[in-house]
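Biologist: I would like to learn how to read a helix and a strand in a model. Where do we begin?

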Amino acid sequence: MSGLPKVELHLHLEGAAPPAFIAGLAQEKHLDIAGIFDADGNYRYKDFWDFLKVYEAATSALQSPRDYQRLVSAVLEQSAASGVVYCETFLSPDFCGGRDLGAWREYLHAIREAADAAERDMGVTLRGIITCIRHFGPDKARETARCAADTAGEWIVGFGIAGDEKVGAPKDYRWAFDCAREAGLRLTAHAGEWGGPESVRDAVRDLEVERIGHGVRAIEDLALVDELAERGIVLEVCPGSNVALGLYPTFRDHPIAELDRRGVKVTISTDDPPFFHTTMAREYEELHKAFDWDDGQFRKIARQSLDAAFCDADTKAKIAKLLEA
Ligand SMILES: [Zn+2]
């Protein structure tokens, strides 16, 4: 399974930071964030809300475009090792320059340099999806959307929303999503992870997204499952993340196989892999063990993922050849 070419659509750039990389940066900058690591050097947190705090503390070590450039190289090295050939990552002007457009452009330039080098040297193609952070509120989301609209193009391909699903409602972020859509960006939103099926309905109706981040709790409402299948709305499913955060006790209890059987377009991603002790290769292994999925099933999902990717047609055609290999 680990040798199969993979497409990953749901990966938070800062959340993918190897803990040793963050610890090293913190040391260089004399930052005391030792409390976020356990004795083995892994990230330590109690629950989802504590995870968000640890995530933000880890992110505080990333302070310059150069730091992000190094981060992208470290992250894509992990991706390439798992056989990922195409990846979309969430990144945010909130963390890169505090939503200042000039600063954001400098971060983006550095990120793209690292991505171009990784494509050349490691054979993994990266594209960016700008996300606003839900618990920072709608006003900041507007500023983030303006940065997204100003840098939309061949590399920034989408816009989304991440963060605490229990704060506010999708409709509060409508302006930001309209702004991004008018700039030509494709749309996704986190929903149906901590919120129930209604949160998925709200995101689809109020933000008109074509993909949902997670969305797995749609399974609690079979009429919604049918609707997602009929409308071709894609779920960015992150099984290992859901299991690590206690949404489902084991992979075997995860609804990805049932959603797939019912015709929903599911994809496989790692979300924040070091936080959840996972990799794309491990997701494949666990899904194979839990549901007896074979190479054919994984190839179907990889093609489905590429179809749902936000990149341009030329990039898709290039990646499609790698998937057929
Ligand atoms: Zn996520």
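Modeller: With contact: two residues are in contact if their C-beta atoms, placed from the backbone, lie within 7 Å. The model here is predicted. In it, the cover over the buried residues of helix α2 includes α1 (19-28).

Biologist: Which residues of α2 are buried?

Modeller: A residue counts as buried if 20 or more other C-beta atoms lie within 10 Å of its own. In α2 the buried residues are F51, Y55, A58 and T59. They span an arc of only 95° around the axis, so they sit on the same side of α2.

Biologist: Why do residues some places apart point the same way?

Modeller: An α-helix has 3.6 residues a turn, so residues three or four places apart point the same way.

Biologist: Which exposed residues does the face of α2 turned away from the buried side carry?

Modeller: That face has W49, D50 and K53. The helix itself covers residues 48-59, and its first and last C-alpha atoms are 16 Å apart, close to the 16 Å expected.

Biologist: Now a strand. How many residues of β4 are buried?

Modeller: 7 of the 7 residues of β4 (residues 156-162) are buried, so the strand is largely enclosed by the rest of the structure. Strand β3 (residues 125-133) runs parallel to β4 and is joined to it by 6 bridges; I129 has G158 in β4 as its bridge partner.

Methods. Residues numbered from 1 in each chain as written. Predicted model: local features only at pLDDT ≥ 70, side-chain atom pairs only at ≥ 80, totals over all residues. Buried ≥ 20, exposed ≤ 12 C-beta atoms within 10 Å, placed from the backbone. Helix = DSSP H or I, 4+ residues; strand = E, 2+ residues; numbered from the N terminus. Pairing = 2+ DSSP bridges. Expected span 1.5 Å × (residues − 1). Arc of directions from axis to C-beta.
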